[in-house]
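Me: I'd like to learn how to read packing features in a model like this one. Could you walk me through a few?

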Amino acid sequence: MDGMDAALVAFTADRTVTHWNHEAERILGWTTAEAVGRTGLAGWAVRKEDAEGIETVLTAAMRSPGRQVHEFALLTKDGHRVLVRTQCSAVRGPDGRVAGAYCAFSEVHTQIDLERSIALSEALFEDASWGVVLVDADLRPAVVNAHAARALGVGRTALLGRPLGELLDQGVEELECALQHVLGEGAPPAVAEFWVTLRSEDAEHPRRCWRSGFVRLASPLAEEPVPLGVAWLFQDVTDAKRAEQDGSLLRFRAHQLHRAGRAAAECPDPSEAAAVHLDFALAGFADHGLVDLAANHRAAPAPYGTVTADDTYEIDDAYGLDGAHGTDPADGTDDACRTEGSGGTGGACESGDGGRAAGRAGLGDEGAEPVGERAGAPCGLVRTLASPAGSPGPCVALTATGIPVPYVPGHPALQAYARRGSVRTSAGAAAPESWAAARHWPDGAVHGLCVVLRSRGRTLGVLTFLRSPARRPFDRADAEYAEEVAARIAAALDLAGASSC
């Protein structure tokens, strides 16, 4: 009786107190010696005004089967009233007759706290919008709610007892380290975010960001705190984090374009300004940058604004003679993307908006003569600007030899020039060394983005950005940024008279 969590008092059939445990002594202040032997509770443990109601409860409990639950006020030894919740039941002797009754009680607020804890636990494991996983001391899931099971991609019972390494691929080491820290040191002061990837043999899952909180669990019944495990609560915030990252990236790139424009404005030589634009564009975007201009068939470049009698400018056939915009045949879902197979390495290239540019320039049929394009141009692309291939440093202008780079047919740079758009390519399963060498790009490049240089309605050349294996492949957002940089570089090179028309 003295080890019970609830207070207990027992009565004989004539209401004499026969048992009084330590919890009853703690709540009401009366010792066992003071309580046992008294008749009823009136006058000492209950006010006289409340005694009749309690006597009625005890009488009803002796006459009825099962337990009866009631709430009433008892009186402490120092005269204070305390509201308790009681469970009363009859006690029968060997002959089956009622020998008395027992009454187990506890403070109402304690009972309510317990009920709230149970209700909270049930709600977390049934209806919570957060994932909840109880991890034992061996870092294995012991209890999992429905939300967490959906996030982990398996059933609730299938998770139990399995190591986290069988459920997660990337990010499992960081998560297990956090759980071990909580078991040893307690809950961290703030939530943590983990990028994880689910383990699967069928398909590759995208990375997810889980915002996680941890609570160390200990048994309330033990004399010393013994950790039972860790409650891991998490929520998928991947979409919000990616939107935040995209916004931060856009702000950074806009700031780089602004800084590049301010720095280029201080350059007396437009060719130097083009190199400045390329330097600023490489920061946080690519590892190498190349500028290839169309081969010049004239002895010297024409000054800016010069128009000779034999100059023929390209015409945008998407606009009629009356200036109304016509139908763009390449504005559908086909973006003129095809496999780039130069060198036999099997890399894949993709057009950004080259299909739309091809439609405006009359390139709807592959190999067709562009409307308004100068006849016989170009005969090749000449390397004009390049970032250092060895150590980091500013982009330098190369000696104007006039010798074209020996690009093979189907090279991404040639495709970008022909399409007047953006072409993305990656090494894929090919060896990076042979893949880059076959395209006359610096060693270590595995991802490429070729963007056409256009100014005053003419195609000047191609701007190429290259990434190493440490970076991800280029995407459409990267292509849009590269096109913005290319427009500024093309304007600077055109101003310098470096266009080959």
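Reply: Happy to! Let's begin with contacts: two residues are in contact when heavy atoms lie within 4.5 Å. Keep in mind that this is a predicted model.

Me: Which residues does Phe465 touch, leaving out those up to four places away in sequence?

Reply: Its partners include Leu278, Ala281, Leu282, Phe285 and Ala286, then His288, His447, Gly448 and Leu449, and also Phe474, Ala482 and Val485. Phe465 is also part of a cluster linked by ring pairs, together with Phe285, Phe474 and Tyr481. Over the face of Phe285 lies Arg467, at 5.1 Å from the ring centre.

Me: Which residues of the largest nonpolar core touch the most other members?

Reply: Phe465 again, along with Leu453 and Leu463, in a core of 34 residues. At least two residues each come from helix 8 (238-264), helix 9 (270-282), strand 11 (288-294), strand 16 (447-455), strand 17 (458-467) and helix 13 (476-495). Helix 13 gives the most, with nine residues.

Me: How should I describe a pair of aromatic rings?

Reply: Use the distance of the centres and the angle of the planes. The search of the whole structure finds 10 aromatic pairs. One of them joins Trp20 and Trp44, a tilted pair at 5.6 Å centre to centre with 40 degrees between the planes. The two residues are 24 apart in the chain: Trp20 belongs to strand 2 (residues 17-20), while Trp44 sits in the loop between helix 2 (32-35) and helix 3 (48-63).

Me: Are Trp20 and Trp44 buried or exposed?

Reply: The cut-off for buried is under 20% relative accessible area. Trp20 has 5%, so it is buried, and Trp44 is buried too, at 6%. Arg38 lies over the face of Trp44, at 4.8 Å from the ring centre.

Me: Why is strand 13 described as largely enclosed by the rest of the structure?

Reply: Because six of the six residues of strand 13 (residues 381-386) are buried. Now look at its pairings. Strand 11 and strand 13 run antiparallel and are joined by five bridges; Leu293 has Val382 in strand 13 as its bridge partner. Strand 13 is also joined to strand 14 (residues 396-397) by two bridges, again antiparallel, with Val396 in strand 14 as the bridge partner of Ala386.

Me: What is the average pLDDT of the protein chain?

Reply: The average is 78, and 80% of the residues score at least 70. Over residues 297-377, though, the pLDDT is below 50; this stretch has 137 contacts in the model beyond near neighbours in sequence.

Terms used
Residues are numbered from 1 along each chain as its sequence is written. This is a predicted model: local features need pLDDT of at least 70, side-chain atom pairs count only at pLDDT 80 or more; totals for chains, interfaces and linings use all residues. Side-chain values use heavy atoms; hydrogens and water are left out. Rings of Phe, Tyr and Trp (its six-membered ring) pair if their centres lie within 6.5 Å; planes under 30 degrees apart count as stacked, over 60 as edge-to-face and the rest as tilted. Helices (H or I, at least four residues) and strands (E, at least two) are DSSP runs, numbered from the N terminus. Buried means under 20% relative accessible area, exposed over 50%, partly exposed in between (1.4 Å probe, protein chains only). A charge sits over a ring if NZ of Lys or CZ of Arg is within 6 Å of the ring centre and within 35 degrees of the ring normal. pLDDT is the predictor's confidence in each residue, from 0 to 100. A nonpolar core is a set of buried Ala, Val, Leu, Ile, Met, Phe, Trp, Tyr and Cys residues joined through side-chain atoms within 4.5 Å. Two strands pair if DSSP finds at least two bridges between them.
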